[in-house]
Amino acid sequence: MPEFEPRRLLVTGGAGFIGGNFIRHMLAAHPDVRIVNLDLLTYAGNLASLADVEATHGPRGDNRYHFLHGDIADFGRVAGALAAHGIDTVVHFAAESHVDRSILGPEPFVITNVLGTLRLLEACRQAWGDRGDVRFHHVSTDEVYGSLGPEGAFTEETAYDPSSPYSASKASSDHLVRAWHRTYGLPVTVTNCSNNYGPYQFPEKLIPLVILNCLEGKPLPVYGRGANVRDWLHVEDHCRAVDRVLRAGRVGTTYNVGGEGETPNLRIVEMICDRVDALGLTPAGVASCRGLITFVADRPGHDFRYAIDFRRIRSELGWAPAVDLAEGLGRTVEWYVAHRDWCAAVRSGEYRRYYEEQYGNRGIMSGDR
Ligand code: NAD
Ligand code: DAU
């Protein structure tokens, strides 16, 4: 069977961590694709992450990349983009993504992850009708499956059992995507992946937070005793997996994506500490970064362990993770060391000024919640 050829993509959430890496991957790997990046630019969306992409592939470059400021929950905005750009493929990354924030304030998670996904699905259904030569790819998380004990791994058949407001909202969005396939015949695929790491991750997530705190000599907060296990997946491996599923995944099918990187949190933190020390960047006043480790109160409802059984994507589509965790983590530490300006900008709101410089102040932040 011939593979699907995505040509005109709408990537939602492309100014965020994984979406931005995916845009880079697709533009570099496939000279024929054109991409529209629809992003609301919440605190987690940073056009500074795509400045070189904009220069090379934007309207002043080869015109294969176009940024569109907007909300996935804005039906008219999405419908207009689908029509104006002749979109044949939607890759849906946009979401509120941080578990701790969802515990503090769940509502934006339901609005964007559930209602936003619903509106996006409806816009696609209405734009595409019963066309089969289109795709809606939904990027989801292993957290929908809940928590594992010391043994076993999530398969695509594992029952949904989400613990946090974030994972409950992602579970809801997965169900909506599947329902739009079964009920309306929308050609969808879904991936559920484990914890990503790599360049351009907002420094609220464990790995970039710990790297920056090491460099700044701040405490490294480890929830509970640091025994919780995550299966770390390099973002480049994840982007290759989504690309593969888009082209060759069976419509209506879910693929789990894992990194073969199961590691307890405390061990990840120690690996980062050792790398920063090895680079000669141990902050003044401590013998080693490990001295900054601080055990703090546990996250409520903290899932103990995630592990992914990715046999389906490996056997059907020939995908497997290629980046070794120690090597990928080392490269990630070096990336953050070399990109302190980006870190300062995304934490300070500087990127909003960058946006206005690039696009002019047209009230574009008014959609921000
Ligand atoms: P992120 O928080 O870095 O980026 C999210 C992006 O979505 C931001 O650019 C933000 O501005 C945008 N956005 C938020 N609300 C929007 C809205 N209403 N309309 C348009 N844009 C909006 O997230 P990420 O870590 O890159 O995650 C991307 C996707 O992958 C999410 O769906 C997440 O659930 C999923 N995922 C992430 C991981 C991970 O480890 N980071 C793992 C598994 C799955
Ligand atoms: O598993 C996929 C999920 O991975 C994605 O769906 C989410 O979008 C993404 O945020 C991530 O969720 P986690 O909660 O696992 O990631 P986080 O980086 O927040 O935390 C990783 C682990 O580290 C987790 O067990 C909690 C712990 N932790 C986290 C922070 C921020 C700490 O011990 N200290 C911290 O300061």
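This is a predicted model: local features need pLDDT of at least 70, side-chain atom pairs count only at pLDDT 80 or more; totals for chains, interfaces and linings use all residues.
Residues are numbered from 1 along each chain as its sequence is written, chains are lettered from A and ligands numbered from 1 in the order in which they are written, and side-chain values use heavy atoms, with hydrogens and water left out.

Thr112 puts a polar side-chain atom 3.1 Å from a nitrogen atom of the ligand, and a polar backbone atom of Leu41 sits 3.4 Å from one of the ligand's oxygen atoms. On its own, ligand 1 has 830 Å² of accessible area, and the protein covers 97% of that (areas come from the Shrake-Rupley method with a 1.4 Å probe; for residues, only the protein chains shown count as cover). Around ligand 1 there are 29 residues, and Ile18, Asp39, Ser97, Tyr166 and Lys170 come nearest; a residue belongs here if one of its heavy atoms lies within 4 Å of the ligand. By class, this shell holds 13 nonpolar, twelve polar and four charged residues (Ala, Val, Leu, Ile, Met, Phe, Trp, Tyr, Cys and Pro are nonpolar, Asp, Glu, Lys and Arg charged, and the others, Gly among them, polar). Helix H1 (17-29), strand E5 (135-141) and helix H6 (165-184) each supply at least two of the shell residues, with E5 giving the most, three. Helices (H or I, at least four residues) and strands (E, at least two) are DSSP runs, numbered from the N terminus.

E5 also belongs to an open, parallel sheet of seven strands, in the order E3-E2-E1-E4-E5-E6-E11; two strands pair if DSSP finds at least two bridges between them. Strand E3 (65-69) and strand E11 (253-257) are at the edges with a single partner strand each, so one side of each has no neighbour in the sheet. Neighbouring strands are turned by 20° against each other on average, direction ignored (axes are lines fitted to C-alpha atoms, for helices over the stretch in contact, and angles run from 0 to 180 degrees between N-to-C directions). Strand E2 (residues 34-39) is joined to E3 by five bridges, and Asn37 faces Phe67 in E3. H6 packs on the sheet, touching E5, strand E6 (188-193) and E11, where contact means heavy atoms within 4.5 Å.

Now for ligand 2. Its oxygen atoms come 2.6 Å from a side-chain N or O atom of Asp142, 2.6 Å from one of Tyr166 and 2.8 Å from a polar backbone atom of Leu206. The protein covers 94% of the 690 Å² that ligand 2 has on its own. Its shell has eight nonpolar, seven polar and seven charged residues, and strand E8 provides the largest share, three residues.

Note on methods
A polar contact is a pair of N or O atoms within 3.5 Å; within protein, one must be able to donate a hydrogen and the other to accept it, and residues adjacent in sequence count only if both atoms are side-chain atoms.
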